Every structure is written in C-alpha cells, then in structure tokens.
Amino acid sequence: MWPKGKFSNSCDSIERTGLMDLTYPHEVESFRDEICAFLQSSLPSGWAGLGALAEVDREQFLNQWRKNLVEHGLIAPHWPQQYGGRGLSVLEQSVLTEEFVKAGVPQQPHPNDGFGMNLLGPTLLHWGTDRQKEEFLAPTVRGDIRWAQGYSEPGAGSDLFALSTKAVRTEQGWRVTGQKVWQTAGITANWLFALVRTDPAQVRGKGISLMLIPVDQPGVEIRGIRNMAGQVEFSEVFFDGAHVDHTHVVGGENNGAKVALTLLGFERGAGGMAAAARNSIELNRIVELSRKLGRFDEPAVQERVGRCLTAVYTQRAIALKVVAAAAAGESLGAMSSIVKLVASTYRQQATELAIDILGQQLNDLGGDNPIELLQPQPLGFDPLSTETWLSDFMNARAISIYGGSSEVQRNTIGEQMLGLPREPRR
Amino acid sequence: MKFSLTEEQIALRDTARAVFGRLEGPGENGSEVAADQWAQIAHEMGFQGIGIPEEHGGGGGDVLDLVALLRETGRALVNAPFLASSAIAASMLLACDDPIVREQWLPAVGDGSLVAVFAGPDVEGSGVLDATTTAGGARVSGSTGPVVHGATSGLLLLLVQIDGALKLAACAPADPGVDMKSTRTVDNSAPTAVFELRDAQVTILQANQSDLHRALAMTRLFAAAEQLGAAEAVVDMAVGYANDREQFGRQIGSFQAVKHRCADMRVAVERADAALMVAADGVRAGTADTGAVLMAVAACNAALRQVTRDNIQVHGAIGFTWEHTAHLYLRRALATAARLGSPESIDRAITEAVFGTDSSAIDPVEPSKRERVSADSGEAGR
C-alpha cells in the first residue's frame with residue numbers, strides 16, 4: 001500500500017530524510033569564500049589566468065606562486081597541518097582545486113608536485129615510519145625533494161606485477177638493479193618511489209617492496225624520452241647497483257603490492273569538479289577558436305560543441321556524485337574507472353574537435369608553447385595558438401593509456417561493477 | 001551534500017518496480033495495464049497523482065519523486081499514460097492559472113479518472129499550430145503529430161501561436177472539429193494517435209511564455225527519465241545474458257569484446273543517470289537552466305539509443321527474434337528519439353541554449369543568469 005499524500009513537500013509535512021542536496025555545507029561555502037579572497041588578494045589586478053601571461057613571465061610567476069602556496073599550506077592542503085597542510089576535508093579539497101582552476105592558477109605548480117603531494121605523501125602518512133615522515137614530508141612540500149613514480153617497466157605496463165627490477169640485501173640496505181620507464185616528470189625528479197622485487201622466491205604481486213631511491217648517485221641514470229608531440233616530458237631510469245638505505249622501504253618488506261594499491265586509492269575523489277571546470281574552460285576556448293576562424297555557425301561545429309557540452313555536464317554530474325560519496329566516507333569502488341574512462345574519452349573528443357576546426361591551420365603552425373601537457377591549458381590561453389592545440393591533441397592520446405589504460409578500466413567496470421567473469425590467465 | 005534518493009524515493013522505486021513487475025510482460029504491447037488495474041493503482045498507490053500538488057488533490061511529490069516513478073515505468077515498458085498524463089500533461093497544466101485547471105483537470109489527472117495528453121513540439125519547435133482568437137478562446141486548424149495515449153485521452157493540450165505569442169490550448173477529443181485517428185507506431189507499448197483540428201474551438205489557458213518554456217523543458221526531462229529506466233533494464237538484460245551464455249567452454253562475458261561492450265553500456269547509463277539526477281535536482285531547486293535540462297535529455301536519449309543496439313549484439317541471434325524482448329526496448333528507443341528530434345538538432349539546440357549568439361564566454365556547466373527551469377512554474381514562489 002502506498003499512502004497518498006506521502007510526498008508532500010509542504011512545511012508541515014513529515015520531515016524528509018536524506019533529501020538529495022547538491023549544495024555544499026555552509027562551512028564549505030565559507031571556505032570557498034576564503035579561497036576566493038585569498039586568490040583575489042594574491043593575484044595581480046586584472047589577472048586573466050595563467051594562460052594569458054606572456055610565455056617569458058611564466059616561470060617567474062610559477063616560482064613565486066609556489067612559494068605563496070607553501071606559505072599558506074595550500075600546496076598539500078589535504079595533509080595534516082603539522083606536515084605543512086591544512087587538514088582539508090574532501091569537499092574542501094574539491095572546492096579549493098575547483099576555484100584555482102576557475103581563477104586560472106595551478107594548485108600544484110611544479111610537474112613533480114602531484115607525485116609528492118598526492119601519491120607519495122599520503123602513502124608515507126599512512127604507512128611511513130616517524131623517521132620517514134620527518135625525513136621526507138617537509139622537503140617535499142618545500143620542493144627540495146621532487147618525486148617521480150617508478151612503477152612501469154618495459155616488460156611490465158598494464159601487467160604491473162610482472163615487474164622484474166630487483167633488490168638484494170647489503171649491509172646498509174639494498175642494491176637495486178633493473179629499469180623503469182614512463183616516469184612523468186622523471187627528468188626533474190631527484191627521488192623516486194619505486195616498486196622493486198625483494199624476494200626472488202615469490203612471484204608477481206608477492207615479494208615486492210616500495211622503496212625510496214635517491215636519483216643523485218652513480219647507480220641511477222635517468223634519460224628523458226621525447227613524446228610524439230616533441231616534448232621531453234617523461235623518462236626512463238636505469239638502476240645499476242643503486243643504493244637504497246634500509247630505512248627507505250615503505251610499509252614493510254615484501255608488502256609493496258598492498259602499499260601500492262592503497263596508494264592508488266588516494267586519488268580522484270576530490271579532483272573531479274576541477275577536472276570538469278578545466279574542460280569547461282577549454283570548451284570556451286574551442287568556441288572562441290571557432291568564432292575567430294568564422295566557423296562557429298557551421299551546423300557540424302554547433303553539433304559537436306553541443307555534444308561536448310553534454311559530455312562536460314555529465315562529467316561534472318558524475319564528479320558531484322563521487323565527491324558526495326567521498327564526503328560521506330562511502331567507498332567509490334569501480335566508479336574511479338568510470339571517471340577515468342569518461343575523462344579520457346572526453347579529452348580526445350574535445351581535442352579532435354579543435355583539430356578539425358583548425359583545418360588547414362595545422363599546416364601553418366604558430367603560437368606559444370603549451371603550459372600544460374597532461375591537462376587542458378589554463379584560463380586565458382590564446383585560442384589561436386595552433387602549436388598548443390596540436391600539443392593538446394597529441395598529449396590527449398596518452399590519457400587513454402596511462403594510469404590504467406581504457407581497456408583495463410573497462411575490465412574493471414565489467415568485472416567489479418557488472419560481475420562479469422575474469423578472463424582465464426596463463 | 002548528498003547525491004542520492006531519499007528513503008521515501010527508494011521505497012517508491014521499490015514499490016513501483018514490484019507493482020509493474022507483476023504486470024504481464026513486457027510483450028508486444030509492453031506491460032499492459034487494464035482499466036481496472038489503472039484504477040487500482042490510482043486508488044491504492046496514488047502514482048497518477050505523485051507530481052500534482054496536494055492542494056489540487058495530488059500526492060505533493062517533487063520532480064525527483066516523479067523521476068523515481070518514471071524510471072520504473074520505463075524499465076517495464078509500462079503501457080499506460082503515467083508519463084503522458086501524470087507527468088507531461090500535468091507539467092503543462094501546472095504552468096497555467098485557470099480555475100478549471102486547478103479545480104477540475106489537475107485533480108482528475110491525479111486520481112486517474114482523466115487522461116490528459118500534450119501534443120508537444122520537438123526540440124526544433126515544429127508541432128506548434130497557428131490559431132486565431134475568437135470570443136470564447138481560439139480557433140485552430142491543423143494536425144498534431146502522433147500523440148502517445150491520445151486515443152484513450154479525455155483532454156488534449158497543444159501549443160498554438162497567436163499573433164506571434166506562444167499559448168497553451170485545450171480541447172476534448174470528442175469536441176466538434178476534432179478528429180482523432182490512431183496511427184501505427186514502431187512502439188506498441190506507447191500507442192499513438194494524431195488529432196486533426198478543422199476550425200476547432202479551443203480554450204486558451206492562462207500561462208506566460210517563460211512558464212510555458214519551463215514546463216516544456218520539464219516534459220522533456222520526464223521523458224528522459226523513462227528512457228533512462230528502459231536503458232537500465234537493457235543493461236541488466238545484456239549483462240545477465242553475458243553471464244549466463246557459455247561458448248568455447250566459458251561465459252561469453254569473460255571475453256573482452258563482450259565485457260567491454262557491456263562496460264561501455266554501463267558507462268552510458270551512468271552518464272545519463274548522473275546528468276538526469278543533477279538536472280532534475282536543479283529543476284527542483286530552481287537552479288537549472290534549459291541548457292542543463294537539454295543536456296540531461298541528450299545523455300538519456302543517447303544512452304538508450306546505444307544500449308538497445310548493443311544489447312542485441314550481445315545476445316547474438318536470439319536477440320534478433322520477435323519473441324525476445326530486446327527489440328521491444330529498441331522500438332521504445334526509436335519512438336522516443338523520434339519525438340525529440342534528430343540527435344543533431346538536439347546538439348545544436350544545446351549549443352544555442354548555452355552560447356546563443358552572444359560572443360562572450362560563459363561557464364557552460366554552471367548555472368548562470370540564463371533562464372531557470374523551476375518546478376514552481378506558474379505556481380506561487382516564482
């Protein structure tokens with residue numbers, strides 16, 4: 001029986017519990033105001049976004065900006081205050097990153113920042129010894145220690161646990177031999193966190209350890225790799241008798257798989273709104289481009305822009321769902337796979353549209369170098385910079401490959417969300 | 001912040017799923033609802049009146065309550081005018097300020113004794129008839145397009161143009177000058193009829209332009225909710241088959257090609273679901289604009305389109321038979337898409353709603369100063 005009148009939304013009705021509510025709590029909105037005030041007072045008047053800054057002025061701005069963020073505890077805001085953070089909640093992190101994107105400023109200015117603040121740092125906070133926290137966290141915040149991630153190997157990409165870089169015990173710790181590849185920002189890193197095989201008697205995910213390896217030693221050689229856009233943005237590293245101190249294993253010997261999987265979990269719950277905002281800004285730039293080239297009124301352009309609008313709207317809607325769940329402490333499960341799949345599909349959709357709008361401009365390239373390689377360009381970037389659109393397009397091809405390829409994400413969705421059986425393996 | 005249904009909405013969803021699950025089918029004509037079943041549902045469940053305010057004899061539910069119900073009518077391909085009358089026609093009526101609407105029609109729609117239908121235009125606006133003012137209202141000549149559940153309706157609503165202004169008109173199918181003719185449709189779970197009006201006298205209802213536009217957006221949102229429910233049923237069907245069917249010594253869902261197709265279907269539904277819920281909540285809170293509603297509509301339309309084709313592929317030959325239900329959902333996808341307008345026209349309408357002809361850049365995905373779509377259209381609180 002379904003009683004009539006049960007749905008009344010008048011004031012004197014039964015109080016409705018758990019009403020869908022996509023507004024942020026009052027204190028989070030206050031925090032948003034605080035961040036907006038910070039941005040307003042920190043940025044020069046007439047600020048039009050990092051993209052609008054002259055290329056020659058970028059480096060100086062970014063260095064100064066990073067110092068400012070460190071001072072205000074905003075470079076690793078999710079860390080506890082004692083380690084240089086602000087102890088922000090998931091909703092606050094989400095609001096912070098979103099407002100920074102809308103203002104056109106980076107929240108993590110240096111290419112290595114994300115690896116230190118979002119991956120290695122939270123891993124140490126969870127698994128690290130007091131000594132490790134003492135040794136690494138503050139220098140990471142300062143930028144004196146710059147991290148890159150040593151996971152993939154030539155023989156271990158999607159199949160991470162096929163890794164074979166190994167370490168043997170020495171008096172002071174370990175001696176590492178092997179090779180890692182595809183480290184983003186590897187050439188500017190001075191430390192690596194790497195998964196290394198420490199027990200030769202075990203196979204695959206068993207018997208591996210997470211190690212912290214200083215780059216500045218004879219046994220470590222980093223070589224930049226030129227990507228197909230022509231940029232040296234990632235690298236490979238060769239370990240030939242590299243030394244690792246015995247205090248620099250994280251989470252216990254042979255516990256690396258578990259540590260790595262929790263590390264992978266410290267991610268995107270809080271970043272989805274910012275990602276949608278970045279795409280929104282880029283879509284505006286695509287529309288500006290098409291207007292400037294006199295192509296906005298073409299029906300095909302209108303249609304494709306419309307599809308991009310819907311895609312960004314849905315991406316933002318999913319981000320709201322994810323951040324609400326994260327704020328409630330709910331497990332996201334395989335939703336992160338949907339988030340990544342949707343994000344990578346969209347970046348390719350948007351950059352394909354930009355390239356098609358450019359048409360013959362691709363054979364008459366010009367403009368500035370891009371600021372971002374793995375993300376859309378920040379607010380204010382010149383829409384007529386063809387070099388940059390080409391770079392955006394090229395780099396977008398990598399998004400469906402790194403961080404778990406789209407094929408792997410689909411496997412995860414199929415198996416964990418839909419309950420379909422795993423493929424038999426050899 | 002909370003992105004989920006209330007306990008009451010979850011209970012409504014579960015109850016509705018059980019009620020509609022007990023109907024026969026879906027068969028060739030969807031899940032049919034006999035007249036006595038319709039009356040029983042109205043009397044015991046109050047489903048017909050969910051979206052109608054209590055002061056008009058309804059259940060006083062909001063947009064999200066109706067969405068929860070419509071996802072279930074869509075899931076079961078319910079052949080009854082919950083969407084057509086209780087959601088779509090009711091939305092248009094709620095934009096009006098006439099005593100007959102408030103005191104007679106809304107209560108009657110809400111208790112199921114009156115089936116009202118709306119001959120709505122597609123996204124490009126075709127389907128609006130010309131009318132001329134008369135002493136008692138207006139005179140209209142012209143044909144509507146196919147109207148779902150038109151043949152069993154007692155009240156026909158249509159949009160007319162009088163001296164360049166958009167108006168909502170009403171007449172009864174039995175009125176002089178109004179001829180109703182059932183049409184053959186691709187989707188027998190949603191039977192259609194066209195109305196030809198020959199110099200027919202119609203009542204012009206009191207509603208302003210912006211309320212009508214808002215109500216129109218809401219009708220599309222509700223239709224999208226039904227599409228989403230159907231899409232969810234289709235994904236369940238495909239995944240169920242992929243888990244059960246064995247070939248080459250294992251479940252076909254263990255092969256990546258099949259698994260990935262199912263995963264993509266699931267992603268399409270997730271996108272549609274998230275977009276619809278955000279848009280519906282925005283309508284409820286008065287923060288959504290017509291662009292946002294159109295985007296949610298586009299996502300649901302695209303999702304149902306995609307999954308109905310993929311579902312047949314996953315099923316192989318058996319999915320191609322008349323006997324299997326896969327084609328019933330495909331037919332629902334075809335018919336609902338046809339009513340909206342081509343996907344291209346929807347995409348263009350979205351671009352126009354967001355960017356218009358104004359050259360200034362705006363944030364396409366956050367509420368702006370553009371026209372809001374609010375559930376309070378036409379009522380107090382606007």
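**A predicted two-chain complex: questions and answers**

Colleague: B:Pro26 lies in the loop between helix H1 (7-21) and strand S1 (31-32) of chain B. Which residue does a cis peptide bond join to B:Pro26?

Modeller: Residues are numbered from 1 along each chain as its sequence is written, with chains lettered from A and ligands numbered from 1 in the order of writing. The model is predicted, so local features need pLDDT of at least 70 and side-chain atom pairs count only at pLDDT 80 or more, while totals for chains, interfaces and linings use all residues; side-chain values use heavy atoms, without hydrogens or water. Helices (H or I, at least four residues) and strands (E, at least two) are DSSP runs numbered from the N terminus. Omega is about 5° at the bond, and the partner of B:Pro26 is B:Gly25.

Colleague: What is the mean pLDDT of chain B?

Modeller: pLDDT is the predictor's confidence in each residue, from 0 to 100. In chain B it is below 50 over residues 358-371 and also over residues 376-382. Where pLDDT is low, the predicted coordinates should not be read in detail. Of the residues of chain B, 93% reach 70 or more, and the mean is 92.

Colleague: Over which residues of chain A does pLDDT stay under 50?

Modeller: Chain A averages a pLDDT of 93, and 94% of the residues score at least 70. Contact means heavy atoms within 4.5 Å. The stretch under 50 has 42 contacts beyond four places in sequence, and it covers residues 1-17.

Colleague: How much area do chain B and chain A bury between them?

Modeller: The predictor gives the complex an ipTM of 0.92 and a pTM of 0.93. In the model, 71 residues of chain B are in contact with 65 residues of chain A. Buried area is the accessible area (1.4 Å probe) that two parts lose on being put together, summed over both. Carbon and sulfur atoms carry 62% of the total, which is about 6,200 Å².

Colleague: With which residue does B:Lys259 form a salt bridge?

Modeller: A salt bridge is a side-chain nitrogen of Lys or Arg within 4 Å of a carboxyl oxygen of Asp or Glu. For B:Lys259 the closest N and O atoms are 2.6 Å apart, and the partner is A:Glu415.

Colleague: At what angle do helix H1 (residues 26-42) and helix H3 (residues 90-103) of chain A pack?

Modeller: Axes are lines fitted to C-alpha atoms, for helices over the stretch in contact, and angles run from 0 to 180 degrees between N-to-C directions. Residues that meet include A:Phe31 and A:Ile35 in H1(A) and A:Leu91 and A:Val95 in H3(A). The axes are 10 Å apart, and the angle is about 35°.

Colleague: In which loop is A:Asn254 found?

Modeller: Phi of A:Asn254 is near 65°, a positive value in a residue other than glycine. A:Asn254 is in the loop of chain A between strand S8 (249-250) and helix H6 (256-265).
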